Amino acid sequence: MLAKLSTRPAVRRGAGASALALALLGAGLPAAAADRPQPDLTRFYRQQVTWRACEGPDMPDDLQCASVTVPLDYARPRAGTLDVALARYRATGHSRGSVLLDFGGPGGAGIPELAADGRKFMDLTNGYDVVTFDPRGVGRSSPVSCGDDGEDAFSPPGDTGLDRPAALLRQLRETADRCARHSGPVLPHIGTVNASRDLDVIRQALGDDKLNYLGFSYGTRLGSVYAAQFPGKVGRMALDGVDTLTEPLSERGVAGAAAQQTALDDFLDWCTTDLACPFGQDRRAAGDAVVRLVRSLDRNPVPTDFGGSFSGQDLVGAVAQALYGKELWPSLERALASLVEDGDTRRVLAFSGGGIDGPRGRLRADGGLTDVEDVPVDNLPAALVAIDCADDPDRPTAARITRDLAGLRAAYDRASPIFGRYRLAQVLLCYGRPRGTDFIRRRVRDVQSAKMLLVGTRGDPATPYQWTVETARRLGPSAVVLDSKGEGHTGYTSSSCVHRKIDDFLLYGSLPANGSSCPADETGGTVTGAGAAD
């Protein structure tokens with residue numbers, strides 16, 4: 001468990017003159033709003049972080065925890081606040097400040113990731129305090145939820161549901177209403193634009209003049225938005241597994257399904273060379289067998305050891321997670337063999353992610369940190385949907401969805417007969433929710449900031465390489481692209497070359513040439529920092 005920190009820490013006030021107050025206020029203004037009257041954020045920008053040891057059996061002894069306080073609504077900073085949970089490993093060498101890590105999602109909590117996989121980032125402690133956070137609405141930072149049955153709310157619709165659009169849309173609206181009831185006051189203020197402003201408060205509280213940042217997957221969207229809002233505050237920023245800034249959820253889902261199908265095809269190419277492959281050694285037959293397995297489980301789900309049932313869409317979700325790294329392929333092969341040959345779902349279920357398994361309900365209403373045991377089990381999917389919908393301005397009407405649903409199904413099925421329906425949920429789950437911001441599509445372009453390193457991996461199942469190229473073009477001359485020729489989602493922990501290039505940039509400011517590449521590692525294994533413990 002994480003430390004049980006003070007739930008309402010006083011915002012410390014300095015004794016500086018009014019000039020300092022004006023400077024701090026200016027630091028909190030997004031570039032696009034600096035010429036308009038703004039609410040006074042001085043008290044948030046005067047915070048000082050108080051670090052202490054993280055408590056709990058899963059917390060490393062040298063990991064420290066803290067929090068910062070941010071406005072619930074930046075337009076009305078006196079209307080309420082929330083606390084954002086932080087964690088760090090202190091620099092071992094000369095420190096040039098902090099490097100902030102976002103592990104992606106959206107909806108992923110940073111602190112458990114850094115606690116579990118901190119050894120992968122130990123090289124960075126040669127020059128930085130390595131810091132992460134739980135973004136607003138996530139983990140301990142006022143987590144959103146959809147209630148006791150929240151996980152079921154995000155299950156992909158079956159064929160019957162897709163054939164009855166009116167009933168499906170009614171169910172989606174009920175889900176949106178339920179999420180609003182259970183998520184508390186943070187839900188209307190969730191999303192990347194506000195999370196980016198939180199980043200700037202964190203930067204100032206850490207004592208850094210510029211934001212040094214390493215973002216993965218969704219974290220690249222957050223970094224890009226920060227660069228657009230605070231271009232003069234960008235330090236050394238590396239974005240790995242670059243997200244799209246322009247595609248609506250409907251197009252993003254099709255591209256994601258196609259990328260996942262490519263990753264599955266690569267896995268099957270490998271699997272069918274092994275006698276232990278549960279689908280045999282005929283590659284074409286193996287692909288057909290996977291489709292039959294998914295459809296069979298959708299028609300007749302099998303029971304699990306935990307009292308529930310396991311459907312074809314559950315299998316698709318688990319496989320999607322296993323395709324994130326080539327080093328997971330042998331484990332996926334064994335898990336699928338157990339399922340196909342013995343009907344045993346346990347190994348496949350091990351790939352399925354979820355929230356922290358604990359009591360539901362005792363969420364704080366005052367914006368203070370939520371105890372780790374009270375983080376709702378559905379926080380990850382609830383936050384993922386809430387943030388994606390908050391970032392997307394498209395809200396097609398019920399009539400349009402009904403008219404277009406058959407065409408959408410066909411497009412998703414063409415992209416992937418395995419992942420199509422699973423990804424179709426992305427375009428449907430925003431129905432019934434308020435329209436999201438158009439800031440990202442409209443304003444995140446031609447960023448006048450320091451150079452940023454963008455890494456795209458050719459075999460990435462979640463963020464297709466083309467998104468790296470498109471986002472770099474959109475960000476403008478500040479973007480420098482590194483082309484990783486490997487497999488898996490992101491490159492830092494799977495490619496020794498990418499790992500080294502990112503470290504060299506963050507630690508020493510050494511950028512590779514724009515358009516240069518990294519070869520695939522022959523082993524396809526996980527890369528850890530040189531200073532990592534075994």
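# Briefing on a predicted structure

Lys120 is buried, its relative accessible area being 14%. This residue belongs to a predicted model, in which 10 strands form an open sheet of mixed pairing. A search of the whole structure also finds 9 aromatic pairs.

**Lys120**

- Lys120 is located in the loop between α3 and β5.
- The C-alpha atom of Lys120 is separated by 9.5 Å from that of His499, although the two residues are 379 residues apart along the chain.

**The sheet**

- Strands of a sheet pair through backbone hydrogen bonds, in either a parallel or an antiparallel manner.
- The order of the strands across this open sheet is β1-β2-β3-β5-β4-β6-β7-β10-β11-β12.
- At the edges stand β1 (52-53) and β12 (516-518), each of which pairs on one side only.
- Helix α3 (residues 110-117) packs on the sheet, where it touches β2 (63-71), β3 (81-89), β4 (98-102) and β5 (129-133). The direction of α3 makes about 10° with that of β3.
- Strand β7 (residues 234-240) and strand β10 (residues 452-459) run parallel and are joined by 4 bridges. Met237 has Met452 in β10 as its bridge partner.

**Strand β2 and its neighbours**

- β1 pairs with β2 in the antiparallel sense, over 2 bridges. In this pairing, Ala53 stands opposite Gln64 of β2.
- β2 and β3 are likewise paired in the antiparallel sense, over 9 bridges. Ala66 has Leu86 in β3 as its bridge partner.
- How many of the residues of β2 are buried? The strand is mostly covered, with 9 of its 9 residues buried.
- In a regular strand, side chains alternate between the two faces of the sheet. In β2, Leu63, Cys65, Ser67, Thr69 and Pro71 point one way, while Gln64, Ala66, Val68 and Val70 point the other way. The residues of both groups are all buried.

**Packing of helices α9 and α10**

- Two packed helices are described by the angle between their axes and the distance between those axes.
- Helix α9 (residues 283-299) packs with helix α10 (residues 312-322) at an angle of about 135°, and the axes are 6 Å apart. The arrangement of α9 relative to α10 is therefore oblique.
- On the α9 side, the contact involves Leu293, Val294, Leu297 and Asp298; on the α10 side, these meet Gly312, Gln313, Leu315 and Val316. The residues of this contact comprise 5 nonpolar, 2 polar and 1 charged.

**Aromatic rings**

- A pair of aromatic rings is described by the distance of the centres and the angle of the planes.
- Phe103 and Phe216 form a stacked pair, because their ring centres are 6.3 Å apart and their planes lie at 10°. The pair links distant parts of the chain, 113 residues apart: Phe103 is in the loop between β4 and α3, and Phe216 is in strand β6 (residues 211-216).
- Is Phe216 buried or exposed? With a relative accessibility of 7%, Phe216 counts as buried.
- Phe216 also forms a tilted pair with Tyr492, at 6.1 Å centre to centre and with 55° between the planes. This pair too links distant parts of the chain, from Phe216 in strand β6 to Tyr492 in the loop between β11 (479-487) and α18 (496-508), 276 residues apart. Both Phe216 and Tyr492 are buried.
- Through ring pairs, Phe103, Phe121, Phe216 and Tyr492 are linked into a cluster.

**Backbone features in loops**

- Which form does the peptide bond from Gly105 to Pro106 take, cis or trans? The bond is cis, with omega near -5°. Pro106 is placed in the loop between β4 and α3.
- Asp446 is not a glycine, yet its phi is positive, at about 45°. Asp446 lies in the loop between α16 (439-443) and β10, and at 48% relative accessibility it counts as partly exposed.
- Thr490, another residue other than glycine, has a positive phi near 75°. The loop between β11 and α18 holds Thr490, which is buried at a relative accessible area of 8%.

Conventions: Residues numbered from 1 in each chain as written. Predicted model: local features only at pLDDT ≥ 70, side-chain atom pairs only at ≥ 80, totals over all residues. Heavy atoms only, no water. Axes fitted to C-alpha atoms, helices over the stretch in contact; angles between N-to-C directions. Parallel < 35°, antiparallel > 145°, perpendicular 65-115°, else oblique. Contact = heavy atoms within 4.5 Å. Nonpolar A, V, L, I, M, F, W, Y, C, P; charged D, E, K, R; others polar. Pairing = 2+ DSSP bridges. Phe/Tyr/Trp six-rings, centres within 6.5 Å; stacked < 30°, edge-to-face > 60°. Buried < 20%, exposed > 50% of the residue type's maximum accessible area, 1.4 Å probe, protein only.
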